[in-house]
Amino acid sequence: MSSKWRETYTELQNFIASNPSIKISDNITSMPGDVRPKFYQLFDNVRVAFIEENFPAFLEEAKALSKNYTEAEQAVMELLQLEEISTLNFLDRFLHNPVDELYRGLLDPLFDLLKGKIDLAAFESQGSASIETTFGNLHRLGYSKWLALSLVKLLEADKLFAGVPPETKMDGHGDPLHNRMPVDTPQETKKLTFDHGPDDFSAFIMPHFIVHSAKLDRYVSIRSELRGASYTTANASEKREWYQIDAMSNEHRLALRNPSLLIYIDDELDDIALIADTNMICRPDLIVEYREQKDWSMKKDVLARRTGLYDVLNPVLGRYIVSQEPVSEEA
């Protein structure tokens with residue numbers, strides 16, 4: 001059976017052989033400027049062909065998500081007259097040009113193949129593992145961001161707010177210093193971001209953003225992916241319920257990368273300006289969880305460990321699940 005990606009790899013090998021100025025070995029990778037563009041065109045052709053041949057379903061799903069996300073992004077930009085919507089760089093690349101992000105993990109294995117460090121079988125194994133991991137992580141994250149923007153539209157948002165997290169102070173060993181300080185009132189903004197904050201050790205876990213809903217005439221804050229916080233708040237809302245993180249430390253740790261949406265609804269901005277500090281987390285009003293088909297077939301104890309925090313948080317208005325495929329009767 002012919003292989004398209006191996007054919008493109010042969011084209012790349014032939015180009016290298018016909019241009020002796022290209023040097024690729026264990027110790028050197030060098031190519032003059034006049035052959036560099038053609039080399040990388042053929043190099044990228046190999047990576048694209050590998051994905052198209054081996055992961056057509058992933059590619060189709062990624063492109064469908066990209067289309068839906070960019071449409072929602074444009075709609076929210078127009079709805080709120082925003083300057084930009086941003087997320088983490090790698091996720092932004094995946095959502096706007098999924099092929100370019102999926103094939104990034106093939107760069108080193110393909111160079112290793114050209115250098116003779118690995119054979120074709122090893123390249124296929126390493127490349128497949130990279131793509132499966134990248135797709136698995138980014139598709140979940142991207143889907144949650146699409147859900148969040150879709151909710152902004154459904155809420156008929158007319159204003160956008162965001163808090164500015166303080167920069168965490170570090171000690172001489174690079175560890176975060178503990179501090180106690182108030183969380184500032186969120187300010188109206190024209191930039192919607194899903195970023196986690198200015199540094200790796202967040203002072204507080206704050207909403208990604210807060211919107212005012214014309215439909216509800218209330219404020220709604222949204223957060224996905226939790227992290228650990230370093231500071232203690234000096235002005236936690238007395239109107240909200242707070243749970244001690246120590247009492248749910250295992251669930252909190254396992255849920256840190258879960259992209260479920262935690263949603264808070266209130267009449268006052270300040271009351272939903274904080275999700276968590278180093279000691280406690282606010283009880284959400286609503287949780288929206290995205291599940292794929294493989295999640296439904298997951299053993300109950302494994303799924304419980306992954307989503308245990310969201311059971312413990314016991315959202316006031318319940319927990320809702322969005323499933324990409326029809327759910328089996330057994331599930």
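How many salt bridges does the count come to? In this predicted model, the count comes to 13 salt bridges.

View 1. D277 sits in the loop that runs between β12 (261-266) and β13 (280-282). Polar atoms of the D277 side chain lie 2.8 Å from the backbone nitrogen of N279 and 2.8 Å from the backbone nitrogen of M280. Beyond its neighbours within four places in sequence, D277 contacts F204, A229, Y231, T232, T233 and I245.

**View 2. Salt bridge between E71 and K67.** The N to O distance is 2.8 Å. Both residues belong to helix α3 (residues 56-80), where they are four residues apart, about one turn of the helix. E71 is partly exposed, at 43% relative accessible area.

**View 3. Salt bridge between D267 and R218.** The side chains meet at 3.0 Å, N to O. Because D267 is in the loop between β12 and β13 and R218 is in strand β9 (residues 218-224), the pair ties together parts 49 residues apart in sequence. D267 is partly exposed at 47% relative accessibility, and R218 is partly exposed at 32%.

**View 4. Salt bridge between R240 and D285.** The closest N and O atoms are 2.8 Å apart. R240 lies in the loop between β10 (232-233) and β11 (242-244), and D285 in the loop between β13 and β14 (286-291), so this pair ties together parts 45 residues apart in sequence. Both R240 and D285 are buried.

**View 5. Salt-bridge network of R93, E101 and R104.** Salt bridges with shared partners join R93, E101 and R104 into one network.

Definitions and conventions: Residues are numbered from 1 along each chain as its sequence is written. This is a predicted model: local features need pLDDT of at least 70, side-chain atom pairs count only at pLDDT 80 or more; totals for chains, interfaces and linings use all residues. Side-chain values use heavy atoms; hydrogens and water are left out. Helices (H or I, at least four residues) and strands (E, at least two) are DSSP runs, numbered from the N terminus. A polar contact is a pair of N or O atoms within 3.5 Å; within protein, one must be able to donate a hydrogen and the other to accept it, and residues adjacent in sequence count only if both atoms are side-chain atoms. Contact means heavy atoms within 4.5 Å. A salt bridge is a side-chain nitrogen of Lys or Arg within 4 Å of a carboxyl oxygen of Asp or Glu. Buried means under 20% relative accessible area, exposed over 50%, partly exposed in between (1.4 Å probe, protein chains only).
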